Amino acid sequence: MRRQMRTALTATALLALSLGLLPLTLRVLGLTGTRPDAPLAVWLVLGVAPYPALLAAGIWYVRRAERNEGDVTGR
């Protein structure tokens with residue numbers, strides 16, 4: 001039970017950190033202005049970039065949860 005909680009908290013922290021840093025990323029890249037090319041870049045950073053990280057975190061979490069369950073049930 002403790003390992004499952006640690007896995008869930010780790011996944012939540014990684015996702016919160018990666019998604020929470022998106023505004024900072026936009027600020028550092030200078031995409032918060034009113035330049036003509038800024039909307040496309042903002043859409044790419046906000047609409048495309050997070051999904052591979054979300055997918056990887058989801059796959060990692062499911063594998064860890066199944067491994068934890070297998071350790072408990074003896075599978």
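Tutor: In this predicted model, helix 1 (residues 2-20) packs with helix 4 at an angle of about 175°, and their axes are 10 Å apart. Because angles over 145 degrees count as roughly antiparallel, helix 1 is roughly antiparallel to helix 4. On the side of helix 1, the contact is made by Arg-3, Gln-4, Thr-7, Ala-8, Thr-10, Ala-11, Leu-15 and Leu-19. Helix 4 contributes Pro-50, Ala-53, Leu-54, Ala-57, Trp-60, Tyr-61, Arg-64, Ala-65, Asn-68 and Asp-71.

Asn-68 lies in helix 4, which spans residues 50-73. The relative accessibility of Asn-68 is 7%, so Asn-68 counts as buried. Of the 75 residues of the protein, 16% count as buried.

The setting is as follows. The protein has four helices and zero strands, with the elements running α-α-α-α from the N terminus on. Among contacts between residues at least 6 apart in sequence, 67% join residues at least 24 apart.

On the surface, Leu-17, Leu-21, Leu-24 and Val-28 form a nonpolar patch with about 390 Å² of accessible area together. Leu-24 sits in helix 2 (residues 22-28) and counts as partly exposed because its relative accessibility is 48%. The protein as a whole exposes about 5900 Å², of which carbon and sulfur atoms supply 69%.

Notes: Residues numbered from 1 in each chain as written. Predicted model: local features only at pLDDT ≥ 70, side-chain atom pairs only at ≥ 80, totals over all residues. Heavy atoms only, no water. Patch = residues over 30% accessible without salt bridge, like charges linked within 9 Å, V, L, I, M, F, W, Y side chains within 5 Å. Areas by Shrake-Rupley, 256 points an atom, 1.4 Å probe, with all protein chains shown as cover. Salt bridge = Lys/Arg side-chain N within 4 Å of Asp/Glu carboxyl O. Helix = DSSP H or I, 4+ residues; strand = E, 2+ residues; numbered from the N terminus. Buried < 20%, exposed > 50% of the residue type's maximum accessible area, 1.4 Å probe, protein only. Axes fitted to C-alpha atoms, helices over the stretch in contact; angles between N-to-C directions. Parallel < 35°, antiparallel > 145°, perpendicular 65-115°, else oblique. Contact = heavy atoms within 4.5 Å.
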